[in-house]
Amino acid sequence: MNFAAEFNHFVEQEEQKHLVEVKQQLVQLYSEVGSWQPISQNTQLWRSIVDPKKDPGEPNAIQKNNSNITPKDYAGENISEQKVPSLLWPNLPPDLLQTGRRISLYDQNKDVVVGRTNVIENPHIEPILLNNNVIGWIGLVPSRLVVNSSANAFLSAQFDNYITITLCIILLAFIMAIVLSRHLTKPIKQIVAATNELNKGNYESRILPFTQDELGTLSNNVNELACTLEQNQQLRFQWVSDTSHELRTPLTVLRSHLLAVQDGVFIADAKRISLLINQVDNLNHIVDDLAQLANNDTANLTYTEVAVDVIEVLQQTIENYTARFQEHNLSVNSDGLNSAQPCIINGDKDRLQQLLANLFENTCRYTHAGGQVNIKINKVDTKLVLIIEDSAPGVLPKDLGQLFERFYRVEKSRNRNYGGSGLGLSLCKKIVAAHGGDISLQNSPLGGLEVKITLPMLG
């Protein structure tokens, strides 16, 4: 055992140091007296040499009063018990190992002076030299060889303590490892289970975050992903349902009229053929709007950003729609555009024309014949504000916020009899957002709908 070996080595060094200091005192005593008689006759003197009790650092009384001490003093005739400690070697520490009790002294012939009778009873024997002459022998029984010594008791106690501490640390580490592994694996297992549910198509699956660390953040991200997938699934179902519904209406009308003509119920005259052509046109409008919206959703609707004068684009689009306005008997008031200063923005001219064409088409489809359309443009700080107002019919407040949704229409007034698909305003919102602007709807002072578009201008 390494600890025991190191401890015994430490004890041996301390005992050897103690033995060297005892030998020095014995040599000094023998050089002044010339024999071991004072020690053999004075047990207290021997104990004071091998088992010192004085404090370290006290001056050596032998050195201080050497001229006043005689051999009689050493023999114990004139020395008192209080004077004995002053004769000790000055730097000996208290004998915690009780080494002094295991030291024996022998003369030149190895006859005992004090201690064990037979010199061979001492495992460790050293000669005492004075001027290279052997004046005696000193023997020591090392502490590690004493079965009941305090050193062995201390060593055994320390070893037991270390074993206990080691076992406690291992047990504590094992418990902490179990607790920590459960703390770490529980949210991971939840995340794995949730992702497996998402992979199966169960987008309603959610994770309850238990921590605020990286795993908690990951759980929240998985929940957001599940929510997005669930919304996309609902939108996809709604898209398919709305699309099939919108396409079914004109197809049903076409089929019913064609069957009636085939059965001879209706005559295929110009009026009937015109009605069928109108239904085909409705189908074309729906397909075109769906194609544009699909291109936008798949990021295929590209934008070429250049400096564009919105006044110029607006005047050109109005001119293109003059015939449509006259066809629906709508009067257009855009006189303020002629005196307006150029409004330059960073945008795509074709997409802006598409935006305005969709808005004017909605106005032509839904505004009652003989109605009015006002077109105004203003500058507010670094933004331009375009306002398009039309006359009756109006829209209820509860419907205003839903007009940008796909296929949404107000059935009481702006219904499919006017040929709309409910996709135009959704496209308009996407085009305005791509230009960094905003579009809003509210009731017009003319009794119809007011469209307000805000776009950032170039500085």
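Reader: What is the handedness of the crossing of H9 and H11?

Author: In this predicted model, the crossing of H9 and H11 is right-handed. The helices concerned are H9, residues 310-320, and H11, residues 349-366.

Reader: Which residues of H9 and H11 meet?

Author: From H9, the residues are Glu312, Val313, Leu314, Gln316, Thr317 and Ile318. They meet Lys349, Leu352, Gln353, Leu356, Ala357 and Phe360 of H11. By class, this contact has seven nonpolar, three polar and two charged residues.

Reader: What makes Lys383 partly exposed?

Author: Its relative accessibility is 42%. Buried requires under 20% and exposed requires over 50%; Lys383 lies in between and therefore counts as partly exposed.

Reader: Where is Lys383 found, and which residues does Lys383 touch?

Author: Lys383 is found in strand E9, which covers residues 383-391. Leaving aside residues up to four places away in sequence, Lys383 touches Asn378, Thr454, Leu455, Pro456 and Met457.

Reader: How do you know that the peptide bond joining Ala392 and Pro393 is cis?

Author: The bond is listed as cis, and its omega is about 10°. Most peptide bonds are trans. Pro393 has its place in the loop between E9 and helix H12, residues 397-400.

Reader: Where are Asn329 and Asp381 placed?

Author: Asn329 is in the loop between helix H10 (322-327) and strand E6 (331-333). Asp381 is in the loop between strand E8 (372-380) and E9.

Reader: Why are Asn329 and Asp381 called exposed?

Author: Exposed means over 50% relative accessible area. Asn329 has 52% and therefore counts as exposed. Asp381 has 75% and is therefore exposed as well.

Reader: Is Gly34 buried, partly exposed or exposed, and what makes it so?

Author: Gly34 has a relative accessible area of 45%. That value falls between the cut-offs of 20% and 50%, so Gly34 is partly exposed. Gly34 is found in the loop between helix H1 (2-33) and helix H2 (37-41). The C-alpha atoms of Gly34 and Ile135, 101 residues apart along the chain, are separated by 9.3 Å.

Reader: What can be said of the protein chain as a whole, in helices, strands and buried residues?

Author: The secondary structure comprises 13 helices and 11 strands. Of the 459 residues, 39% are buried. The chain exposes about 26,500 Å², of which carbon and sulfur atoms supply 53%. Among contacts with a separation of 6 or more, residues 24 or more positions apart account for 69%.

Conventions:
Residues numbered from 1 in each chain as written. Predicted model: local features only at pLDDT ≥ 70, side-chain atom pairs only at ≥ 80, totals over all residues. Heavy atoms only, no water. Helix = DSSP H or I, 4+ residues; strand = E, 2+ residues; numbered from the N terminus. Buried < 20%, exposed > 50% of the residue type's maximum accessible area, 1.4 Å probe, protein only. Contact = heavy atoms within 4.5 Å. Areas by Shrake-Rupley, 256 points an atom, 1.4 Å probe, with all protein chains shown as cover. Axes fitted to C-alpha atoms, helices over the stretch in contact; angles between N-to-C directions. Left-handed = near helix turned anticlockwise from the far one by under 90°. Nonpolar A, V, L, I, M, F, W, Y, C, P; charged D, E, K, R; others polar.
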